[in-house]
Amino acid sequence: MIVRATIVAFLLGAGFATGGCLRIATAPLRAERREKAETAFERLALVPPETLAAGLTRRMGEALALTPAQQPQVEAITLNYARALHAVAANADSVREKTRAWRTQRNAKAAELKAILSSEQFTRFDAMKDELR
């Protein structure tokens, strides 16, 4: 991101941001990001949803110190999310469409979790999401 910001700042300062010059200059960066996302979705499509959900639930249980009452609720939410995410990754849509669908699923999962987690746990969950990016 720093490299991209530096390139954009240089181009803006040099007056190259008119017309399509900025688009042309950042095209390699966008292509690299798209390829990285394609690879991630391909790998995700190979992982069974149950395996993904088990790993996510385990990590969340450790990071959020879930209560015994919260554990089965988080497991159910995470399994539904993993199944939806697997379906998104396995379909033939473009990377842009897959990313939009993934964001929708991620936001729905966060809303469900917010209803069962304490405010402190949800803050830790948000921090955990940021670390994974």
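In this report, a residue is called buried when its relative accessible area is under 20%, exposed when it is over 50%, and partly exposed in between, using a 1.4 Å probe and protein chains only. Welcome to the structure: it is a predicted model, in which local features need pLDDT of at least 70, side-chain atom pairs count only at pLDDT 80 or more, and totals for chains, interfaces and linings use all residues. Residues are numbered from 1 along each chain as its sequence is written, and side-chain values use heavy atoms, with hydrogens and water left out.

## The overall picture

The protein chain holds 6 helices and 0 strands, so its elements read α-α-α-α-α-α from the N terminus on. Helices here are DSSP runs of H or I with at least four residues, strands are runs of E with at least two, and both are numbered from the N terminus. Of the 133 residues in the chain, 27% are buried. The accessible surface is about 8,800 Å², and carbon and sulfur atoms own 58% of that area; such areas come from the Shrake-Rupley method with a 1.4 Å probe, and for residues only the protein chains shown count as cover. Contact means heavy atoms within 4.5 Å. Among contacts with a separation of 6 or more, 64% join residues 24 or more positions apart.

## Two helices side by side in a table

The expected span of a helix is 1.5 Å times one less than its number of residues.

| Helix | Residues | Number of residues | Span, first to last C-alpha | Expected span |
|---|---|---|---|---|
| α4 | 70-90 | 21 residues | 30 Å | 30 Å |
| α5 | 95-116 | 22 residues | 32 Å | 32 Å |

In α5, the buried residues are Val95, Lys98, Thr99, Arg106, Lys109, Ala110 and Leu113. Seen down the helix axis, these buried residues of α5 fall within an arc of 110°, so they line one face; the arc is that of the directions from the axis to the C-beta atoms. Arg96, Thr104 and Ala115 are exposed on the other side of α5. Helix α4 has its own buried residues, including Gln70, Val74, Ile77 and Tyr81.

Gln121 sits in helix α6 (residues 119-132) and is buried, with a relative accessible area of 6%. Beyond its neighbours within four places in sequence, Gln121 is in contact with Leu64, Ala65, Leu66 and Gln70. A polar atom of the Gln121 side chain lies 3.1 Å from the backbone oxygen of Leu64, and the side chain also reaches the backbone oxygen of Ala65 at 3.3 Å.

Ala65 belongs to the loop between α3 (49-64) and α4 and is partly exposed at 47% relative accessible area. Most residues other than glycine have a negative phi. Ala65 is not a glycine, yet its phi is positive, about 50°.

## An aromatic pair, and a last stop

A search of the whole structure finds 1 aromatic pair. Phe122 and Phe125 form this tilted pair, 5.7 Å centre to centre with 40° between the planes. Rings of Phe, Tyr and Trp (its six-membered ring) pair if their centres lie within 6.5 Å, with planes under 30 degrees apart counted as stacked, over 60 as edge-to-face and the rest as tilted. Both Phe122 and Phe125 lie in α6, 3 residues apart, about one turn of the helix, and both are buried.

Finally, look at Glu42 in helix α2 (residues 21-46), which counts as exposed at 53% relative accessibility. Its C-alpha atom is separated by 9.9 Å from that of His86, 44 residues apart along the chain.

Technical notes:
A polar contact is a pair of N or O atoms within 3.5 Å; within protein, one must be able to donate a hydrogen and the other to accept it, and residues adjacent in sequence count only if both atoms are side-chain atoms.
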